[in-house]
Structures are given as structure tokens and as C-alpha cells.
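I opened the model to look up its pairings, its interfaces and its chain dimensions. My notes follow in the order in which I made them.

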Amino acid sequence: MADMENEIQNVTLRVENLKKHFPVRRGFFQRIGGWVKAVDGVDFEIEQGKTLGLVGESGCGKSTIARVILKLLEPDHGKIFYRGQDISNLSEKDVKPLRKEMQIIFQDPFGSLNPRMTVGQSIEEGLRTLDFSRGDRKERLNELLEMVGISSNNSDRYPHEFSGGQRQRIGVARALSVEPSLIICDEPVSALDVSIQAQIINLLKGLQDRLGLSYLFISHDLNVVGYLSDKVAVMYLGHIMEFASAGDLFENPLHPYTLALLSAIPSTEPGRKMEMKFLPGEVPSPQDPPPGCKFQGRCPIVEAQCREEEIAFYEAGEGHIVRCWKVVGR
Amino acid sequence: MDNLLLSVQNLKVYFRGDEKVSRAVDGVSFDVRRGETACIVGESGCGKTVSALTILGLIPSPPGEIESGKVLFEGENLLDFTEEDLQKVRGNRIAMVFQEPLTCLNPVFTIGDQIGEAINVHEQVEPAALRERCVQILKDVGIPSPEDRLKDYPHQLSGGQRQRVMIAMALACQPDLIIADEPTTALDVTVQAQILSLFRSLQKTDSMSVLYITHDLGVVANIADRVYVMYAGVIAEQGNTSQIFNSPKHPYTQGLLASLPTRSKRGKTLHSIPGIVPDPAYKPDGCPFNPRCAFATDTCRTRFPEMRDYGEGHLSRCPVLFRQDQKEG
């Protein structure tokens, strides 16, 4: 019971053995010809006020996880707990109040803002679900815009009148409008220029400190993840390969995939010309992967055992787990 | 300077609309020497792609107009060339690699057809020899079992392999210069690393020159010999890689480098450049960077700054920091 209390207090989100498989249909009769195992047994938790970074290359299942947590997709297996409450099997009606608690910021703010609505209307739409009076709504709208650094007399303008960075700020304001406690950031800065990217990162960080938000920060950019996250999960083909605090992951990476990812980041120190550990090939198709470790096809230290049996997690240190039997104990 | 391959001098490219004139490239000069990699780095809308397209006469006109300037390739001004003459340069002497390989490859022809075509445009080659040459080029860019890949269509290849095919097409006629416009931006990091290393190794073996255009400072630090930092249609700072990254002299370059998030800056607020890139049709008077610059003076707001010379090829377009450095030095 005490554990339960503790969880409600401190753990915003926990997922257990989450799976999402998509059928691949073939032929005239649309028979199921195979499965894409987009998310294939994922566990993690996000503590109150903390940031979990989720990194991986395209097609590894990062965005599918975001959509499953938000119940935009139904999980096939596994459980999702929001503040201790199991939300994995809730009906659409019961999910509705939870939508206020969990919000998402997308990569492309232009695609996610309605071009026919002023930004004020877009943001107010969320406020309407909360019981705000009309006057309060206006006040809250202005407060939200100021909070994300947009002058409140811009609320009558349309999305196309803003720059990319400003649109992302509006996306953040809209997510904040319903006072969520968890925000899923799906590549929120990938489409932005460097000088604007820093503004948005600072904004997200500042809001977290002020409002105690929890973030699930999804990105392929390890530099951004390393800067923002408290804990980091590295994903590959639907599996978490390594999970650790950001410090451990960057200073003591263990999984061969993590090592390869880290060495592939072009460093901004000239002269240190990529002494990279080369990863041959590319991410294979997630459809009907071979048995054994998902990384076997590109792994520099692969052995026969890796191709045969499912690889379990090994504990490499406090809260540092690795899905590779070969690197533990070194 | 006989090893100078390409020299762009005071290039101005404007786009005329009904009401406004976008000054996309507004007086840009840069050089590419034989065997070196020159990088143009800048944010979206700074004019880096337009500069590159102008070199090969690929700017649609109208609306684009070349107002002034020269593009000297081995001493000859490409801007004076007729379309027919340019055709002989494109692909043959100067080749280009674009960001999105899928839109640049023709979906209804095989890889072999397309690489073969790139060669056939410039040379008469027997079919058997042509095939052999295609296989060899694909092998050079690191595509496994190239004989089979020749029969593949673009959609059958992965993103990284398509980009390798694009590079193979660019290499087909052994050009002197390859212009690469954000060739790795659409790729995953591990694949990007492979492509960057491919560029480096090709350059070593063929002593080719590369003009590399990107927004990614990390990529620049890894492959560039010489760097041009562009902002709002002008070069803000230029120098070799270590000058730009270790002692940047322009507030914009300094700001860009400081705003990169890294593990070591954790817990500190990231430096960010306030404001946004100006619309190329409504650029501020004076230095285009002045509204976002912490050092801007009244002179910066009225007079367009000249390049200041720090020696050894390191130039910066900021008079304020130059004066400061001179005082201290």
C-alpha cells in the first residue's frame, strides 16, 4: 500500500511490457501476411518533474510509444499506469478526463495547428474543456501566450503569420492550456534552426522547473537528449537496448548500439575527426525480425548465441540496464 | 593561386515578386581550391542553396535574377556560358548531390539506366563497357553486390543506399567539383556517418573538390577544410575549421556555437540568439544581424560592415569585435 501511495506521488507514468504490433496485409483478400513489431515489450517509468529521453533512429518505434501512451493507439499487450492508475484498458469515455493530464507537442507545429483558426482560438479550444468562464478564458489565454514568450496581442493572428519557432511556442502553449502534468515531446526541435532550437529548449526547461512538468522527450538527436534528460532509453527496432541515467549513458555506455550512436554524433570540436566505430548497414525492416537480438545484423560483437535466443536485460549498475549479455561484467 | 578551382565573386541573386524583391544572395564571395572541402553553413533562408544552384545556372528565371557577380570556374565565368555550354559542365566537370535522393531519382528507370545516362550524356561508351563502369562506381561508393543493384528501381533501396546512388551518379564522369547540398540531412546518424566518411575517402583517392552545404555545425567540424558562415544572404565569417570553431570572431558564429546543446552544458541555460532570421525581402539596414546582436552600435544599424581581416584567411564582418580585439591585442 505504501508503495502504491509512493507511486501516485512520485511516478507520473509507468509502462510495463508494452507491445504494439501492426498487421501487414497482402493480396486481394487483404490477408495478414506478417507483423511489424513496432513496439515489442517496453518498460520504463517517468518520475514527477523529470525528463525521460527516448532516442533511436527512424523506425525504432519511438513515436508509436507516444501514441500508445496517449491512447491514440490501443496497446496490444502490456500495461500503462498514470499516477498508479491502470489506463491501458479504459474506454474512450473514461480516457477523456485523462487527456487533460497528458499532452503532446509534435515535430511540425504547422501541421498540427489548424490554418483556419487564429492561434487564440486554437489555444482556447483546449480551455473550453475545462470549466473556464469566457472572461477567465481570455485571461488564461493571455497568460499562456506570455508564458511561452509570445506577445498576447498576437492572439488574433493565423499560424502562417508566425515563424517556425513561434509556431512551436504556440504548440507548447496549447499543450499547456489544459494544465497537464505530463508532456510528450515528439521531436519538438528537429525541424528548427540551431539558433531557434536553443530558445525552445530553454523554454521547455524553464516551464518544467516552474510547473513541475514531466517530459517524455523523443528525439534522434543525442546532443539534445543528453542536455535535457534525467534518464535515457535507447531504442532499436521496438526494443529498449539500454536504459540508464543520462550521466551513466553518456559516460559509461555499454550496449554496442549505444556506443555506435554516440560515436556517430559529429563532434563540434574540429580536429577530432570522427574516430567512429563504424556501424555497417542500416536499420532493417521491423517486419518479421529474426529470432534473437534485434541488433544482431549490425553488431560488431555478435555471437551465435545472439542469433538464437531472446536477450534479456542485464543490470550493469544501479538503474543501468543493458540488453546485451556480452558487455556486462566488463 | 593556381590551385583555385572555383571562385564566386560578389554574387547577387534577387527574386522579384509582384510587390517585393527578395535579396536571397546579396554579395557573396567564396573560393574552392583543388582537393579541399569548403563548407557553407547557415540557417534556413540564408541563401546557401541559392548560391550553390547559381553556380550551375539552375536558378529559375524569372523570378530569379542574377544582379551582379562572377562565378569563375578555372578562370572562366560560368554566368556568361550559354545553356549548351553549361550542359557540358554540369555532371561532367561540376556535379551536384541533393538532400532528398528519392525526389531526384526517376522512379520508372533502374539505377543502372540512370547512372548510365549520366555517363552517356557526356561520353560515347559501348554498352558492355558502360555496364562495367556503372558496377565499378557503385562498388566505389560502397554498395554491396552492385551487379544486382543495377537492375533495381529507386524504391527498392534504403535511404542511405539511394544517397550512395546519387553520389555514384555525381561521380560518374569524375568531376573536378561536387556540390553537395545537405546530402545527409534526411538520413539517420549512423548512416550519415557512413556517407561523410565516404566523401572523405573519395576525396583522398580522387583529389576532388567538394562544396558542402549544410546547417549542421557538427558535420562542418568533421569534414570541412574551409568554412563560410552565411547569414541573411551574406558571408558573416570565413576561415579554416579551427579558426571558426576555436576562435570565432563574429557574434553570429559565436552565438551559433554557444547555442548547441551538449551534455556538458547540462543544467545551465543554453545561450540563445534572440529574434529570428530576417525576411530576405525586408532586411534591416546596416549589418543584417544587428537586431539580434548584443554588440550592435548605431553604426551597425546604418552602415553595412566590410570584412575585417584577422590574417591567415580568417575574415569576419564585425567591426565592433574587430576593434575590441585590436585594443586587447
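**Entry 1: a pairing within chain A**

I started with A:Lys231 and A:Glu47, whose side chains meet in a salt bridge at 3.1 Å, N to O. I count a salt bridge when a side-chain nitrogen of Lys or Arg lies within 4 Å of a carboxyl oxygen of Asp or Glu. The two residues are 184 apart in the chain, A:Lys231 sitting in strand β9 (residues 231-236) of chain A and A:Glu47 in strand β2 (residues 31-47) of chain A. Helices here are DSSP runs of H or I with at least four residues, strands are runs of E with at least two, and both are numbered from the N terminus. Side chains of opposite charge can pair when their charged atoms come close.

**Entry 2: conventions**

I note that this is a predicted model, in which local features need pLDDT of at least 70 and side-chain atom pairs count only at pLDDT 80 or more, while totals for chains, interfaces and linings use all residues. Residues are numbered from 1 along each chain as its sequence is written, chains are lettered from A and ligands numbered from 1 in the order in which they are written, and side-chain values use heavy atoms, with hydrogens and water left out.

**Entry 3: chain A against chain B**

How many residues does each chain bring to the contact? Chain A brings 39 residues and chain B brings 47, contact meaning heavy atoms within 4.5 Å. The chains bury about 3,500 Å² between them, and carbon and sulfur atoms give 56% of that area. Buried area is the accessible area (1.4 Å probe) that two parts lose on being put together, summed over both.

I looked for salt bridges across this interface and the rule finds one. B:Arg266 forms it with A:Asp230, and the closest N and O atoms are 3.3 Å apart. The rule also finds 15 residue pairs in polar contact between chain A and chain B, both residues at pLDDT 80 or more. A polar contact is a pair of N or O atoms within 3.5 Å; within protein, one must be able to donate a hydrogen and the other to accept it, and residues adjacent in sequence count only if both atoms are side-chain atoms.

On the chain A side, the elements giving two or more residues are α8, α9 (222-228), α10 (246-251) and α11 (256-264). Of the elements in chain A, α8 gives the most to this side, with eight residues. By class, I get 18 nonpolar, 13 polar and eight charged residues on the side of chain A that touches chain B. Ala, Val, Leu, Ile, Met, Phe, Trp, Tyr, Cys and Pro count as nonpolar, Asp, Glu, Lys and Arg as charged, and the others, Gly among them, as polar.

**Entry 4: the two domains of chain A**

Where are the domain bounds in chain A? Domain 1 covers 2-101 + 180-322 and domain 2 covers 110-179, the bounds coming from an automatic or database domain assignment. Their C-alpha centres lie 29 Å apart. In chain A, 15 residues of domain 1 are in contact with 13 residues of domain 2.

The two domains of chain A bury about 1,200 Å² between them, 73% of it on carbon and sulfur atoms. A:Lys100, A:Pro180 and A:Leu203 supply 41% of the area that domain 1 buries against domain 2, more than any other three residues. Across this interface the rule finds zero salt bridges and two residue pairs in polar contact. Helix α8 (residues 194-211) of chain A gives the most to the domain 1 side, with eight residues. The domain 1 side divides into 11 nonpolar, two polar and two charged residues.

**Entry 5: backbone checks**

Another cis peptide bond joins B:Pro62 and B:Pro63, with omega about 5 degrees. B:Pro62 is in the loop between α1 (48-55) and β4 (64-73) of chain B.

In chain A, A:Glu187 has a positive phi of about 50 degrees although it is not a glycine. A:Glu187 is in the loop between β7 (182-186) and α8 of chain A.

**Entry 6: chain dimensions**

Chain A has 12 helices and 12 strands. Its radius of gyration is 21 Å, close to the 20 Å that the globule rule gives for 330 residues, so chain A is as compact as a globular protein of that length. The radius is taken over C-alpha atoms, and the globule rule is 2.2 Å times the number of residues to the power 0.38. The C-alpha trace of chain A spans about 70 × 55 × 55 Å along its principal axes.
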